[in-house]
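Subject: Structure for your review

Hello,

Here is the structure I said I would pass on. My notes on it follow below.

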Amino acid sequence: MLKAENVVKSYNGSEVLKGVSLEVQNGEFVVILGASGSGKSTLLSVLSGLERADSGNVEYNGESLSQMNDKQLTEFRKREVGFIFQQYYLLSHMTVESNVRMGADLAGNKNFREIISSVGLGDKLKSKPSQLSGGEQQRVCIARALAKNPNILFLDEPTGALDEKTGREVLDYISRLQSERKFTMIMVTHNSNIADMAQTVIKMNSGNIVETYKNTERKNAYAIGW
Amino acid sequence: MIISLKDSIKLVGVTVVCFCAVFVCTFMLSFYIDVQQLNGLLTDQNMRLLYQAQKATAQVCAIVTGGVLAVIAVVMLFFYIKIYIDGHAKQFGIIKALGYSNCKIALTFWIFGFSVFIGCALGFGVGYAFAPLVYNGLAIEGAPEIAVNFHIELLLGLVVAPAFVFTLIACGYAYWALRCPLMQLMRGKTAKIKDKSYKANKERSFLKEMCFKTLASKKSVAFFVAFACFCFGSMMQMGLSMENLASKTMGYMILIIGLVLAAVTLFMSVTTLINGNLKNISIMKACGYSLKQCAFSVLGGYVPFAVLGFMIGTAYQFGLLQIMVNIVFKEVAEVPEYTFNIPAFFITFALFIVSYFSVMAFYVLRIKTISVKEVMLEN
Ligand SMILES: Nc1ncnc2c1ncn2[C@@H]1O[C@H](COP(=O)(O)OP(=O)(O)O)[C@@H](O)[C@H]1O
Ligand SMILES: [Mg+2]
């Protein structure tokens with residue numbers, strides 16, 4: 001279980017997170033919904049151990065992230081966490097294969113080529129990110145994140161830079177995978193339609209959580225509006 | 001004005017190299033000219049030999065230092081301009097899109113020649129200030145004193161000409177580097193992505209692959225790393241050996257020049273590597289790679305070049321001193337035998353290792369302060 005209690009985070013004196021509390025069960029698919037600038041990315045970076053909260057507590061399966069030192073936080077990210085970002089953040093001077101290996105090596109995972117094939121890029125192993133389309137680059141990111149065998153996957157606007165068709169494909173792939181492998185998944189988006197795919201929806205507004213609700217059914221990526 | 005004076009300050013590396021080159025060349029060449037006052041005044045056979053040897057030394061020193069450092073300065077200048085253009089490709093693209101010609105943009109790179117001028121002018125001034133000391137150190141016992149004279153041709157050759165030539169090089173190279181398609185510049189790329197056919201695939205771990213790829217994408221840095229270690233290795237040992245062979249002052253001077261050159265080049269190389277890989281490192285950090293692994297992935301590929309530079313430097317100083325002692329000063333009685341200075345080697349080598357680990361530690365500290373989120377926001 002991932003639990004945040006009264007998390008506060010400021011940048012240069014302005015509070016971006018104003019006391020956020022939430023609970024995410026293991027294996028749950030949660031969407032965090034909010035307008036641009038509402039603090040979603042900041043929340044995600046605090047929950048995933050990329051950054052520390054100024055006050056409040058973040059706990060993962062009973063371990064407090066706030067009390068970990070930098071080394072332990074690194075170890076936590078290495079062991080538990082996968083990331084997918086809107087801007088991909090691939091290593092531009094390295095091939096698709098090496099980019100995915102970056103995740104795979106951390107987990108000692110040898111079947112990274114199968115993972116690349118499973119995201120449909122088996123014939124692009126030796127391509128550089130700049131030779132791929134946006135959707136393909138995002139699929140490399142998915143492969144990189146999955147190659148780590150994460151227990152909890154964080155996604156920050158994973159379809160934000162994609163067109164509708166590609167966006168749906170990517171979402172469909174990720175959500176099917178999540179149902180199969182049952183890892184915890186926390187996705188940030190400003191597209192309220194995507195929220196229909198999740199089990200739990202958390203709405204944010206100017207650094208606060210304003211609403212949390214559960215969907216009775218999980219829609220698939222082709223059944224939601226865009 | 002597209003390029004500000006502030007940008008040219010980043011070229012301290014070039015300035016320092018020019019300073020060292022002109023500094024040494026100034027007093028050596030001026031000694032070379034002034035020592036000829038003695039021509040015909042020396043009657044003693046031994047003194048005449050010493051006089052010839054000194055003239056030759058001054059010439060060799062000036063040519064070797066001047067030549068080597070001029071090449072380094074040119075390479076460094078290219079390197080900086082390339083990095084500058086790569087880093088500002090988008091801006092240049094926009095400026096070009098607005099209708100500025102390549103030529104007009106390239107001309108603004110004159111300011112990079114300015115850093116050369118500063119270095120040369122300072123080196124010239126300080127070189128003259130040091131000249132009496134050098135003349136004293138080299139004075140032949142019993143011979144008339146040599147006066148330090150000002151030579152306008154040295155000012156022209158060591159300050160004005162280099163500044164002019166380097167400015168031309170800067171503008172010319174910028175012009176050449178900017179000649180890529182506008183859209184490519186706007187997308188932030190200056191060089192075409194080379195589609196090298198892959199060699200028989202070696203199975204490398206990610207970290208090793210990252211080492212190789214970082215090295216391959218910044219090959220010129222390998223040259224500077226090697227050069228820094230070359231300077232460190234050669235000048236440090238030469239300085240330490242000089243103490244026995246010639247004057248202490250000369251020894252210290254060489255030692256200091258070596259350390260300054262090494263420190264500046266190394267600092268420049270490391271900062272370039274850090275700044276050029278900020279994003280890559282932050283992604284690795286986010287994934288869960290440790291600080292040491294991050295540092296290794298970026299710096300590791302350069303270690304062989306550092307060692308190579310150091311070894312060449314050791315061989316070079318040994319060879320140079322051998323030539324000096326056994327050929328140039330062969331017939332002069334009071335110069336002692338020169339053999340490889342083993343203590344100097346071990347002292348230098350120990351310091352080399354210490355510096356290597358300090359640089360690594362510095363780098364790890366720097367990586368520690370990189371905020372993953374901040375780097376990712378910059379898009
Ligand atoms: N590292 C940072 N430094 C300064 N300000 C930041 C930083 N990260 C986020 N902010 C500010 O915090 C606010 C929320 O940012 P963010 O969490 O990225 O929102 P969202 O992802 O919901 O669009 C924004 O106003 C942003 O400018
Ligand atoms: Mg965001």
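Contact here means heavy atoms within 4.5 Å. Please keep in mind that this is a predicted model.

The interface

On that definition, 32 residues of chain B and 32 residues of chain A take part in the contact. The size of an interface is often given as the accessible area lost when the parts come together. For chain B and chain A that area is about 2700 Å², with 60% of it given by carbon and sulfur atoms.

Which helices of chain B supply at least two residues each to the side that touches chain A? They are helix H9 (206–217), helix H12 (278–287) and helix H16 (372–377). Sorted by kind, the residues on that side of chain B are 13 nonpolar, nine polar and 10 charged. Polar contacts do occur across the interface of chain B and chain A: six residue pairs, with both residues at pLDDT 80 or more.

The ligand site

Residues from both chain A and chain B surround ligand 1, so the site is shared between chains. There are 13 residues around the ligand, and those that come nearest are Gly37(A), Lys40(A), Ser41(A), Thr42(A) and Lys373(B). By kind, the shell around ligand 1 consists of four nonpolar, six polar and three charged residues.

- 3.2 Å to a polar backbone atom of Ser38(A)
- 3.1 Å to a polar backbone atom of Gly39(A)
- 2.5 Å to an N or O atom in the side chain of Thr42(A)

Taken alone, ligand 1 exposes 560 Å², and the protein buries 71% of that. Two elements give two or more residues to the shell around ligand 1: helix H1 (40–47) of chain A and H16 of chain B. Helix H16 of chain B also supplies at least two residues to the side of chain B that touches chain A.

Salt bridges

Side chains of opposite charge can pair when their charged atoms come close. Over all chains, the count comes to 17 salt bridges. One of them joins the side chains of Lys9(A) and Asp54(A), at 3.9 Å from N to O. Lys9(A) lies in strand S1 (residues 2–11) of chain A, and Asp54(A) lies in the loop between H1 and strand S4 (55–60) of chain A, so the pair ties together parts that are 45 residues apart in sequence.

Regards

Notes. Residues numbered from 1 in each chain as written. Chains lettered and ligands numbered in written order. Predicted model: local features only at pLDDT ≥ 70, side-chain atom pairs only at ≥ 80, totals over all residues. Heavy atoms only, no water. Buried area = accessible area lost by both parts, 1.4 Å probe. Polar contact = N/O pair within 3.5 Å; in protein donor to acceptor, adjacent residues only side chain to side chain. Helix = DSSP H or I, 4+ residues; strand = E, 2+ residues; numbered from the N terminus. Nonpolar A, V, L, I, M, F, W, Y, C, P; charged D, E, K, R; others polar. Near = heavy atom within 4 Å. Areas by Shrake-Rupley, 256 points an atom, 1.4 Å probe, with all protein chains shown as cover. Salt bridge = Lys/Arg side-chain N within 4 Å of Asp/Glu carboxyl O.
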